[in-house]
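Okay, thanks for coming, everyone. Let me put the model up and we'll walk through a few spots.

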Amino acid sequence: MASKSSNFLERYGYDLLLGSIAAFYVFMAPYTKVEESFNVQAMHDILYHRHHLDNYDHLEFPGVVPRTFLGALLVSSLAAPSVLAMDLLHVSKIYSLFAVRLALGGVILSTLRFFRLQVRHKFGLQVEAFFVILTAVQFHLLFYCTRPLPNVLALGVVNLAYGYWLKEKCYAAINCLIFATVIFRCDILLLLCPLGLELLLTRRISLWKALKCCSLCAILCIGLTVLVDSIMWKRLLWPEFEVFWFNSVLNRSSEWGTHPFHWYFTSALPRLLLAAYPLFLLGVLLDRRILLFILPVFSFVLLYSKLPHKELRFILSSVPIFNLSAAIAATRVYNNRKKTYWKFLYPIMLGLLLISLGCTVITFMASNENYPSGHALKHLHENVHLTRCRYSKEEGIPSEELCQRNFTYLINEHPAINGFKCLLAENGFSRVRLRTGFPPILLVKEPKVYIHGNARNKDVMRRNWPGCS
């Protein structure tokens with residue numbers, strides 16, 4: 001029995017570690033944001049409305065650009081047995097959200113396992129171990145891996161591409177990137193092109209065979225997404241082409257904010273990688289093998305920097321390769337820790353890992369307080385015991401018209417609304433403040449979301465609420 005347990009931990013210990021951290025993030029921060037709303041609602045509708053497409057939310061609230069249903073269909077099919085059991089037991093729907101997020105996390109971490117195993121075969125057990133350590137002490141990759149974003153769905157396929165790349169199955173790697181580009185995120189094209197060019201220049205693929213192989217894969221992927229999504233959206237549609245046209249050709253994404261060209265390198269990557277940021281640069285200098293893996297991924301981030309609208313999640317797919325380079329550097333430092341010069345780098349590396357862990361703890365605490373609307377909705381349900389309630393997601397209603405719409409309760413960002421009484425203010429994360437004493441870092445919270453009750457509703461006014469003062 002002990003031998004079996006030892007073998008199990010040897011085979012799956014790293015997966016249990018990363019999976020436990022990801023699951024912890026799910027249960028501690030279960031709510032989602034607007035970027036995740038399409039896939040969350042799509043999975044809900046697939047699981048609860050099934051083939052009754054007329055009841056699907058996206059037909060009434062399509063969003064800025066359409067998204068594919070393929071990711072939601074995959075995750076929903078994996079979560080369906082547990083959701084069905086919970087439905088039969090009349091368990092709250094919040095646990096269905098847990099189920100789909102855990103299912104998605106399982107998919108992403110399974111693809112990361114595939115990549116990690118190729119890291120072991122090509123670079124050794126120690127590099128694999130440091131790869132896991134660096135991933136575990138980073139916040140964003142494991143936090144995001146359970147969040148139903150198109151970027152995360154693309155990340156799963158990109159992980160497979162990286163694994164095949166390490167196995168030197170180059171055509172399989174390219175086909176994975178084509179799949180991710182056509183179906184989940186058109187911006188993966190910025191990774192596909194540098195990688196394809198490198199493979200051609202190093203003669204690891206031939207141009208003619210690549211054209212045949214890639215063209216067939218692209219046609220099949222386009223056919224799949226057009227077939228499925230045209231049915232789901234009830235019009236002829238290739239979602240990612242419309243996204244590409246909106247973001248790249250029309251450059252409409254800049255309406256959601258812009259950052260300078262260097263932002264990914266000076267802000268996003270340092271937060272994504274933490275200790276792995278300086279270590280991955282060192283890894284390039286210490287092992288020439290990693291340079292060919294770094295160049296296409298670095299080019300991906302560089303090319304993406306040309307787009308004015310930038311978000312950290314857009315370059316999430318670059319993290320595994322940068323972590324690999326960092327793990328190579330960490331292994332070299334560890335193995336030479338007793339030698340001259342190296343013995344000075346070893347405590348620096350340990351310090352960087354501890355700083356990463358501390359930053360991850362602080363970032364998690366901030367993120368845990370960064371979903372005030374979800375907490376406000378939870379408090380409303382707990383205090384009022386709402387049953388068979390109707391929600392409105394209509395946007396752009398002027399505040400002066402809200403009292404004419406016969407709403408019983410409102411949840412929004414306004415502290416005062418005519419015709420409504422502010423019942424509760426929900427605090428959210430505002431900033432980090434340094435101070436003398438312990439703990440040296442404090443999270444400052446401020447009111448972000450307010451629950452309002454209709455002042456003309458006697459039942460609302462009779463209830464005891466803490467108020468907003």
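So, which residues form a nonpolar patch on the surface? They're Phe241, Phe244, Trp245, Val249 and Leu250, with about 460 Å² of accessible area together. Before I go on: this is a predicted model, where local features need pLDDT of at least 70, side-chain atom pairs count only at pLDDT 80 or more, and totals for chains, interfaces and linings use all residues. Residues are numbered from 1 along each chain as its sequence is written, and side-chain values use heavy atoms, with hydrogens and water left out.

For patches, we take residues with over 30% relative accessible area and no salt bridge, joining nonpolar side chains (Val, Leu, Ile, Met, Phe, Trp, Tyr) within 5 Å and like charges within 9 Å. A salt bridge there is a side-chain nitrogen of Lys or Arg within 4 Å of a carboxyl oxygen of Asp or Glu. Areas are Shrake-Rupley with a 1.4 Å probe, and for residues only the protein chains shown count as cover.

Next, aromatics. Rings of Phe, Tyr and Trp (its six-membered ring) pair if their centres lie within 6.5 Å; planes under 30 degrees apart are stacked, over 60 edge-to-face, the rest tilted. That gives 31 aromatic pairs. Take Tyr95 and Phe98: edge-to-face, 5.5 Å centre to centre, with 65 degrees between the planes. Phe139 and Phe143, on the other hand, are stacked, at 4.6 Å and 25 degrees.

Last stop: Lys343 touches Asn336 and Arg337, leaving aside residues up to four places away in sequence, where contact means heavy atoms within 4.5 Å.
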